[in-house]
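I opened this model to look up helix contacts, a pocket and ring pairs. My entries follow in the order I made them.

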Amino acid sequence: MRADWVAASVRARSMAQRRVGAGACRELSALPDLTAAVEALEGSVYADQLSGARTLGSSQQATRRTVLWQLRVLAGWLPAGQDTQLVRAAAARFEADNIVALAAALQRNSGLEPEPGSDSASEYDLGGLATAWPRLRTADSPESLQVMLAASPWGDPGPAPALPDMLTAVWLRRLASAAPATRPWAVVGAVLLAARLLLVTGTGTTDRLVSLLRPLIGTGWTEAASLPELTASLSPAAGQVLAEVQEPQDLWRAEARLAAQVETDGFGLLRAGLPGPDVVLGAMAVLAADAWRVRAALAAAAAGTGRSEVLDAVA
């Protein structure tokens, strides 16, 4: 038994037990409106962050803030002297979102239009899990941010429109490097990123993006012009991600299956016999997947549909 991991593993399992769960999320999705759904989450692990949320966007962001707080708590329970690389790698997703939001704000201040999809929401508080954010947040222009990024672990961001995708690719690489068990998830994420760039947005790729994704999905995908071509260009394991996708507009189904797979794998890791890093990773996976389900349920309640097509896709 890895005695130094006992406390962290016990804490991780305890936190995972506080998830809302698939059944409760289905009940949330059937509620008549967003207000009712948010009220139903009172007493849950999401309640503190949801306090004061009035819109779907702010409510969904509150679930992500909850996950980040959970990561910070888990990091505090790691054995003394242990590397927090895994938790930092997971939290880097939130740092990437901060960077994208900052880039949009700097573009507005410079009289430039922010890139489509940019988010001006308030930043995520990374605490000790930050990688480069304390320095990056001091950037006062799009140009200074680009210089700072190039000198940081995130690397050269390339042209402004490519920033979100570049950060996502770096994050996927970092996550797969931090924990081999996450590599299958990173591969799926890379396939979905490539599919969206080639077949949905049509924005194409950059040399650096291709280089970042190469260890995950190779390079044969870069010339694909259709789903069959993209699937054929990938390894059998990577191509399986797209097996049940009929049209590019249905990629969200593959994204939903990824969330479900992360959850399933997370439960497997939580059941690991001995205390250790795998138990912590399992808790992180289960908590992230639970927040994803809650966001889908909130969206369904806000739309008043009485059900969630997203949650149905992973039933």
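**Entry 1: H14 against H15**

I listed the contacts (heavy atoms within 4.5 Å) and found that Ala256, Ala259, Val262, Glu263, Gly266, Phe267, Leu269 and Leu270 in H14 meet Asp278, Val279, Leu281, Gly282, Ala283, Ala285, Val286, Ala289, Trp292 and Arg293 in H15. By class, the residues of this contact of H14 with H15 are 13 nonpolar, two polar and three charged. I counted Ala, Val, Leu, Ile, Met, Phe, Trp, Tyr, Cys and Pro as nonpolar, Asp, Glu, Lys and Arg as charged, and the others, Gly among them, as polar.

This is a predicted model, in which local features need pLDDT of at least 70 and side-chain atom pairs count only at pLDDT 80 or more, while totals for chains, interfaces and linings use all residues. Residues are numbered from 1 along each chain as its sequence is written, and side-chain values use heavy atoms, with hydrogens and water left out.

H14 covers residues 251–270 and H15 residues 277–303; helices are DSSP runs (H or I, at least four residues) numbered from the N terminus. Their axes come within 7 Å and cross at roughly 145 degrees. Axes are lines fitted to C-alpha atoms over the stretch in contact, with angles from 0 to 180 degrees between N-to-C directions. I noted the crossing of H14 past H15 as left-handed, meaning the near helix is turned anticlockwise from the far one by less than a right angle.

**Entry 2: H5 against H6**

I then took H5 (residues 56–77) and H6, whose axes come within 10 Å and cross at roughly 145 degrees. The crossing of H5 past H6 is left-handed. On the H5 side I have Arg64, Val67, Leu68, Leu71 and Ala75, which meet Val87, Ala90, Ala91, Arg93, Phe94 and Asp97 in H6. The contact of H5 with H6 has eight nonpolar, no polar and three charged residues.

**Entry 3: aromatic rings**

How many aromatic pairs does the structure hold? I found one aromatic pair. The ring centres of phenylalanine 94 and tyrosine 124 are 5.2 Å apart and the planes stand at 70 degrees, so the pair is edge-to-face (centres within 6.5 Å; planes under 30 degrees apart are stacked, over 60 edge-to-face, the rest tilted). Phenylalanine 94 is in H6 (residues 85–109) and tyrosine 124 in the loop between H6 and H7 (133–136), 30 residues apart.

**Entry 4: lining of the second largest pocket**

Which helix gives the most to the lining of the second largest pocket? I noted H14, with five residues.

Technical notes:
Helices (H or I, at least four residues) and strands (E, at least two) are DSSP runs, numbered from the N terminus. Rings of Phe, Tyr and Trp (its six-membered ring) pair if their centres lie within 6.5 Å; planes under 30 degrees apart count as stacked, over 60 as edge-to-face and the rest as tilted.
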